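I opened the notebook today to look through one protein fold, entry by entry. Here is the structure I had on screen.

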Amino acid sequence: MESRIFSVAKHIRPSDGEPIRSVVLETKDSAVVVWHAHPGQEIAAHIHPHGQDTWTVISGEAEYYQGGGIVAHLKAGDIAIAKPGQVHGALNSGSEPFIFVSVVASGNAGFALAEK
């Protein structure tokens, strides 16, 4: 039987360069990834034209870009949802790693950089 349970900890990939996107599972229906961003690291503002991106924050905190200069504060336990075409990205504004699980549906959601 194929595993349906995955460990977030096993997919955390710290990097001194850009934040790392570690793929847990990709199908035609969705992409599930774990992100790790050190303090001060940024996940560039972007959109998925054809898919919703749902972030579940595991640890840390960040300033979450929503487009049009709107920024919200995310912390462990929060869920942020960007519908298709909505801007999202984040800057780790805390003192510990910002770790979250992202689920993008569909798997062919597309990607384009956007203004914060």
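I worked on a predicted model, where local features need pLDDT of at least 70, side-chain atom pairs count only at pLDDT 80 or more, and totals for chains, interfaces and linings use all residues. Residues are numbered from 1 along each chain as its sequence is written, and side-chain values use heavy atoms, with hydrogens and water left out.

**Entry: Ala-82**

I looked up Ala-82 and found it in strand β7. Is Ala-82 buried or exposed? Ala-82 counts as buried because its relative accessibility is 2%; buried means under 20% relative accessible area, exposed over 50%, and partly exposed in between (1.4 Å probe, protein chains only). I then listed its contacts (heavy atoms within 4.5 Å). Leaving out residues up to four places away in sequence, Ala-82 touches Gly-51, Gln-52, Asp-53, Tyr-64 and His-88. Its C-alpha atom is 8.2 Å from that of Gln-66, 16 residues apart along the chain.

**Entry: the cores**

By a nonpolar core I mean a set of buried Ala, Val, Leu, Ile, Met, Phe, Trp, Tyr and Cys residues joined through side-chain atoms within 4.5 Å. Which of the 14 residues in the largest nonpolar core touch the most other members? They are Trp-55, Tyr-64, Leu-74, Phe-98 and Phe-100. At least two residues of this core come from each of β2 (31–37), β4 (52–59), β5 (61–65), β7 (79–82) and β9 (98–105). β2 gives the largest share, 3 residues. I also noted a second, separate core of 5 residues, with Val-24, Val-34, Ile-99 and Val-101 among them.

**Entry: the largest pocket**

Next I checked for open space. On a 1 Å grid over the protein atoms alone, a pocket is an open set of points where a 1.4 Å probe fits, with protein on both sides within 12 Å along at least five of seven lines; lining residues have an atom within 4 Å of a point. The largest pocket has a volume of about 260 Å³, counted as the space filled by probe spheres set on the points, which are joined across faces, edges and corners. Of its 18 lining residues, the closest to the centre are Arg-21, Trp-35, His-46, His-48 and Phe-111. β1 (20–26), β2, β3 (42–47), β4 and β9 each give two or more residues to the lining.

Ala-112 lies in strand β10 (residues 112–113). I wrote Ala-112 down as partly exposed, with a relative accessible area of 28%. Beyond its neighbours within four places in sequence, Ala-112 is in contact with His-46 and Ile-47. The C-alpha atoms of Ala-112 and Val-57, 55 residues apart along the chain, are separated by 22 Å.

I also found that the peptide bond from Ala-105 to Ser-106 is cis, with omega near 10°. Ser-106 sits in the loop between β9 and β10.

**Entry: the whole protein**

Lastly I stepped back. I counted 0 helices and 10 strands. The C-alpha trace spans about 45 × 30 × 25 Å along its principal axes. Of the 116 residues, 41% count as buried. Among contacts with a separation of 6 or more, residues 24 or more positions apart account for 69%.

Definitions and conventions. Helices (H or I, at least four residues) and strands (E, at least two) are DSSP runs, numbered from the N terminus.
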